[in-house]
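I opened a new page to keep track of what I looked up in this model.

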Amino acid sequence: MAKKTKKKTSTHRAKLMHFYFHRTGFYLFIWESLKKAFWPIVIVVASLLLFNKYVYNINDGLHHFTENVSRLTVLSFFFVSETILGLVPPEMFIAWSKKTPEPILNLAILATLSYCGGLISFFIGKTALKIASVKEYLEVKMAKNLKNTRKWGGILILVGALLPLPFSIACLAAGMIKYPFKNVALFGLFRFLRFAIYAWAIFQVVH
């Protein structure tokens, strides 16, 4: 009886969550974000394939890059990028990791740095509130992100960790609204899953 009641409660909760996400526009937000990300990704992939076929072999370029740029430099640059609004697509670094002597190890380091970069963004957002000029600038610049984070909280962190959406911006907004850090740390763990999925796809192309 207790088991049946628990199942009924879980189903009811799921229906309420679905209704809430539908009413607040969460599904529409995800759809619009994916649509915005889809064509840029298609264009980048198509451009890379054409560039690789007619201009310069990307595998040779990556091999040259790994030989001439130290691992510490690449990882440091990636960490800064993932902390400051995710300026450079992580896919480029995933491709780089495939050409290194220890691809799985470097991929794990990249995923960890990306996760940590998001957590630092959270504290940057939290600290920024103490500086009046920065607080005013960010609240205007990130008004939409702050509004969405207040509505959807940890689910938005999870989406930012998994999908081609700015993870660090989601964490920054979470810090600004003082969202519980433990939830950010928990939902942010899905960042590792994203790197694993993307690596599986990219490693098929990069040899």
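Below are my notes, starting with confidence and ending with a few single residues.

**Entry 1: confidence and layout**

I noted that this is a predicted model, so I checked the confidence before anything else. The chain averages a pLDDT of 76, and 59% of the residues score at least 70. Helix α1 (residues 2-24) has the lowest confidence, with a mean of 60. Helix α6 (residues 103-128) has the highest, at 92. Where pLDDT is low, the coordinates should not be read in detail.

I then looked up the secondary structure and found 12 helices and 0 strands. The chain has 207 residues, and 36% of them count as buried. I also checked contacts between residues at least 6 apart in sequence: 77% of these join residues at least 24 apart.

**Entry 2: the aromatic rings**

I looked up ring pairs and got 7 aromatic pairs in the structure. One of them is Phe78 with Phe195, edge-to-face, at 6.3 Å centre to centre and 80° between the planes. Which parts of the chain does this pair link? Phe78 is in helix α4 (residues 71-83) and Phe195 in helix α12 (residues 190-205), 117 residues apart, so the pair links distant parts of the chain. Phe78 is buried, with 0% relative accessible area, and Phe195 counts as buried too, at 1%.

Phe123 counts as partly exposed, at 41%.

Back at Phe78, I found that it belongs to one aromatic cluster with Phe77, Phe93 and Phe195.

Lys98 lies over the face of Phe203, 5.8 Å from the ring centre. Arg194 has its charged end over the ring of Tyr198, 4.1 Å from the centre.

**Entry 3: helix α4**

I checked the length of α4. Its 13 residues should span 18 Å at 1.5 Å a residue, and the end C-alpha atoms are 18 Å apart, so the two agree. Which residues of α4 are buried? I listed Val74, Leu75, Phe78, Ser81, Glu82 and Thr83. An α-helix has 3.6 residues a turn, so residues three or four places apart point the same way. After α4 comes Leu85, and I noted its positive phi, near 65°.

**Entry 4: nonpolar cores**

I looked up the largest nonpolar core and got 17 residues. Phe78, Phe93, Ile94, Leu107, Leu110 and Phe195 have the most contacts inside it. Helices α4, α5 (90-98), α6 and α12 each supply at least two residues of this core. Another core lies apart from it, with 12 residues, including Tyr115, Ile157, Ala174 and Tyr179. In soluble globular proteins, nonpolar side chains tend to be buried together.

I followed up on Ile94. Beyond its neighbours up to four places away in sequence, Ile94 touches Leu107, Leu110, Phe195, Tyr198, Ala199, Ile202 and Phe203.

Ile202 is in helix α12. It counts as buried because its relative accessibility is 16%, under the 20% cut-off. Leaving out residues up to four places away, Ile202 touches Glu91, Ile94 and Ala95.

Ser114 is in helix α6 and is buried, with a relative accessible area of 0%. What is Ser114 in contact with, leaving aside its neighbours within four places in sequence? I found Phe78, Glu82, Phe167, Arg191 and Phe195.

Pro90 is in helix α5 and is buried as well, at 9% relative accessible area. Leaving aside neighbours within four places, Pro90 is in contact with Phe78, Glu82, Arg191, Arg194 and Phe195. The C-alpha atoms of Pro90 and Phe195 are separated by 8.5 Å, though the two residues are 105 apart along the chain.

Technical notes. Residues are numbered from 1 along each chain as its sequence is written. Side-chain values use heavy atoms; hydrogens and water are left out. pLDDT is the predictor's confidence in each residue, from 0 to 100. Helices (H or I, at least four residues) and strands (E, at least two) are DSSP runs, numbered from the N terminus. Rings of Phe, Tyr and Trp (its six-membered ring) pair if their centres lie within 6.5 Å; planes under 30 degrees apart count as stacked, over 60 as edge-to-face and the rest as tilted. Buried means under 20% relative accessible area, exposed over 50%, partly exposed in between (1.4 Å probe, protein chains only). A charge sits over a ring if NZ of Lys or CZ of Arg is within 6 Å of the ring centre and within 35 degrees of the ring normal. The expected span of a helix is 1.5 Å times one less than its number of residues. A nonpolar core is a set of buried Ala, Val, Leu, Ile, Met, Phe, Trp, Tyr and Cys residues joined through side-chain atoms within 4.5 Å. Contact means heavy atoms within 4.5 Å.
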